[in-house]
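Look at the structure below and keep the sequence beside it.

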Amino acid sequence: MRLFLLSCLVAGSLWAQKPKLVVGIVVDQMRFDYLTRFENRYSKTGFKRFLNEGFECKNHHFNYMPTYTGPGHASIFTGTTPNNHGIIANHWYDKFEDKEVYCAEDTNVLINVLGTNSERERMSPVRLLSTTFADENRLHTQFRGKTIGVSIKDRGAILPAGHSANGAYWFRGKNEGKWVSTTYYNAELPKWVVDFNKSGAVEKQLKVWEPLYPIASYTASGNDDTDYENGYKGKKKTTFPYDLKKLAEKNEGFDILKVSPFGNTLVTDFALKAIENEALGSDSYTDVLTVSYSSTDYIGHNFGVNSVEIEDTYLRLDLELSRLFKGLDDRVGKGNYTIFLTADHGAVHVPAYLKENKIAAGYFDARLLGEKVAGFLKSNYKIEGLMKKVMNQQIFLNYELIEAQKISLEEITTKLAHFIRQQKHMQYVFTRSQLESESMTSYVGKLIQNGFHQRLSGDVVYVLAPSVITYSLKGSTHGSPQSYDTHVPLLFYGNGIKKGKTYKKTFVTDITPTISSLLGIAMPNAATGKVLDFVLE
């Protein structure tokens, strides 16, 4: 009897030691070097709270291609790569539906939108094929532990929160400026969300964006006035200050907030309200809050990774992290929560800027490649329509026509791959049969294989040379297997986390197994990552 009581006490003690709340933060498009470039100006209560009191993985990477937002969020929270969880891009060509689809759309299920009349917000995690650690926590606690997802982007809220979340909320700009959801989660918006939408908190952020410090002191970035930035419609120069209220009308109304650091402010505001009103971290069952700061991605695309705008955005994000930390300390209690921060991908320097500084870079026309591929196939097989789509650096072939013409799929993909390799700016080209083989040994080949879903992906995949992109001549983008897209921060802090750092190579798929082990719950059902035991106490 004593042994039984002792085992109960030990089990109770272990449960009590678990964090009451796990907060998973994703900073959209955050390169690793944003931690070091801007470190001197970060506060002790924001990024440096992670760095000084938590654990940092300094050699942290994505282990697949393509490095996009949808796959990034899905991989972080499922602990596996797109070849398993099925989110192979943000948008992709669905060969079974014969149309382009979106990673979070759910138009085939009758879902009503909450908070807006727009049918474009009919979303759910239906295309995510595996569970997240939040799902497993819900199962483990008999659904007593809550999960809430928050992001400016729908996919940034939905995919991390998983299938069984109590709520996922994202921001609809345009002329509305509201936080919305769908009836996949609840029959109606919670009162606190309705109240937030009525509070004027969104309108308050339509203000002048000017730098936190004198513009001349932003020495970690290029000049404020450059030719590498897109800027906002209605303002000729891409220079501070930006009067967002004045510019809103020509920039999709409240959508302009997404492309400003004040979009991140709204995310923090909303996340703190979620903690309070959903009583997250208030009982003995671990809750999960997923927070994705998306404005960093919009600003990076618009202004580029070397802009003063991106530097000021991260200095302001540091202040948002301070606010979030304080809110967690006040409401959940220091020592009662665990928090991690990572990114869904990095970004490339503007190729035009690199070229001007004698660094190899360039631009690639994917539309022109599609025309060349169609011409090559017609010339070789005397048939039109053998190619269905070029998308996400993949060639999709017409299986029905190939079968009807009795053409060997192996033959056509081999010939096509050889043709594509001859095009300027090509680095690698792989066929379906190569990617379906278990014997892939090259590093980049393995990354592509990890992002290749046998059922959903195309028949030929190509990779462009480093710093060569399919994009406009201004602004930054991402998606490649190159280090500037794969190398991102990973920071842990709080309950169960050691203080320290490592230079060992870690991968985004390792985050969820580590958190699952901390919580003592089952791994997500497709998890392939490893536990970072050196992070845990």
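This is a predicted model. The protein has a mean pLDDT of 95, and 97% of its residues reach 70 or more. Over residues 1–16, pLDDT stays under 50, and the model has five contacts beyond four places in sequence for that stretch.

Next, find helix 8 (residues 191–198) and helix 11 (residues 262–277), which pack with their axes 10 Å apart at an angle of about 150 degrees. Their crossing is right-handed. From helix 8, Trp-192, Val-193 and Phe-196 meet Asp-269, Phe-270, Lys-273, Ala-274 and Asn-277 of helix 11. Of the residues in this contact, five are nonpolar, one is polar and two are charged.

Now turn to charged side chains. Side chains of opposite charge can pair when their charged atoms come close. The count for this model comes to 32 salt bridges. One of them joins Lys-58 and Glu-56, with the closest N and O atoms 3.4 Å apart, and both residues are buried.

Another salt bridge is formed by Glu-100 and Lys-389, at 2.8 Å from N to O. Glu-100 lies in strand 4 (residues 99–102) and Lys-389 in strand 14 (residues 387–391), so this pair ties together parts that are 289 residues apart in sequence. Glu-100 counts as partly exposed because its relative accessibility is 42%; Lys-389, at 26%, also counts as partly exposed.

Glu-105 and Arg-127 form a salt bridge too, their closest N and O atoms being 3.4 Å apart. Both Glu-105 and Arg-127 are buried. Through shared partners, salt bridges join Asp-94, Glu-97, Lys-99, Glu-105 and Arg-127 into one network.

Notes. Residues are numbered from 1 along each chain as its sequence is written. This is a predicted model: local features need pLDDT of at least 70, side-chain atom pairs count only at pLDDT 80 or more; totals for chains, interfaces and linings use all residues. Side-chain values use heavy atoms; hydrogens and water are left out. pLDDT is the predictor's confidence in each residue, from 0 to 100. Contact means heavy atoms within 4.5 Å. Axes are lines fitted to C-alpha atoms, for helices over the stretch in contact, and angles run from 0 to 180 degrees between N-to-C directions. Helices (H or I, at least four residues) and strands (E, at least two) are DSSP runs, numbered from the N terminus. A crossing is left-handed if the near helix is turned anticlockwise from the far one by less than a right angle, and right-handed if clockwise. Ala, Val, Leu, Ile, Met, Phe, Trp, Tyr, Cys and Pro count as nonpolar, Asp, Glu, Lys and Arg as charged, and the others, Gly among them, as polar. A salt bridge is a side-chain nitrogen of Lys or Arg within 4 Å of a carboxyl oxygen of Asp or Glu. Buried means under 20% relative accessible area, exposed over 50%, partly exposed in between (1.4 Å probe, protein chains only).
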